[in-house]
Amino acid sequence: MSMEIPSLLRIGYRTFEVIPLLPPDLEMTDKYGWCDKVNAKIYLYVGDEPLMTADTLLHEVIHATWAWMGLDARECCLTWF
């Protein structure tokens, strides 16, 4: 079972390209996703588990949102505890 992934996401004033990663990419990077804030790209491993894919996409969108707001991810995380 797979899910449809958007190719573009508007976050604040920027448009992020969503680039799907396949199983060989995961083996090379060991990451399910990452956000390239400089080049406005979100790399996302699209596997057989739609909930994991959706969770990872949300995680990377949060990183992009923090960058758009001028926040450091470590600062945001530390304020939660």
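L21 is buried, at 7% relative accessibility (buried means under 20% relative accessible area, exposed over 50%, partly exposed in between, with a 1.4 Å probe and protein chains only). This is a predicted model, in which local features need pLDDT of at least 70 and side-chain atom pairs count only at pLDDT 80 or more, while totals for chains, interfaces and linings use all residues. Residues are numbered from 1 along each chain as its sequence is written, and side-chain values use heavy atoms, with hydrogens and water left out.

**Around L21**
- L21 sits in strand β2 (helices, H or I of at least four residues, and strands, E of at least two, are DSSP runs numbered from the N terminus).
- Beyond its neighbours within four places in sequence, L21 contacts W34, Y43, L44, Y45 and V46 (contact means heavy atoms within 4.5 Å).

- Four strands make an open, mixed sheet in the order β1-β2-β4-β3 (two strands pair if DSSP finds at least two bridges between them).
- β1 (8-11) and β3 (33-36) are the edge strands; each has a single partner, so one side of each lacks a neighbour in the sheet.
- Neighbouring strands are turned by 25 degrees against each other on average, direction ignored (axes are lines fitted to C-alpha atoms, for helices over the stretch in contact, and angles run from 0 to 180 degrees between N-to-C directions).
- β1 pairs with β2 (residues 14-21) in the antiparallel sense, over four bridges.
- R10 stands opposite T15 in β2.
- Helix α2 (residues 50-68) packs on the sheet and touches β1, β2, β3 and β4 (41-45).
- The direction of α2 makes about 160 degrees with that of β4.

**Aromatic pairs**
- The structure holds two aromatic pairs (rings of Phe, Tyr and Trp, the last by its six-membered ring, pair if their centres lie within 6.5 Å; planes under 30 degrees apart count as stacked, over 60 as edge-to-face and the rest as tilted).
- W34 and Y43 form a stacked pair, 4.8 Å centre to centre with 20 degrees between the planes.
- W34 is partly exposed at 26% relative accessibility, whereas Y43 is buried at 18%.

**E60 in the helix**
- E60 belongs to helix α2.
- E60 is buried yet has no salt bridge (a side-chain nitrogen of Lys or Arg within 4 Å of a carboxyl oxygen of Asp or Glu).
- The nearest side chain of opposite charge, K37, is 7.1 Å from E60 (Lys and Arg count as positive, Asp and Glu as negative; His and the chain ends are not counted).
- Setting aside neighbours within four places in sequence, E60 contacts G33, W34, C35 and I42.
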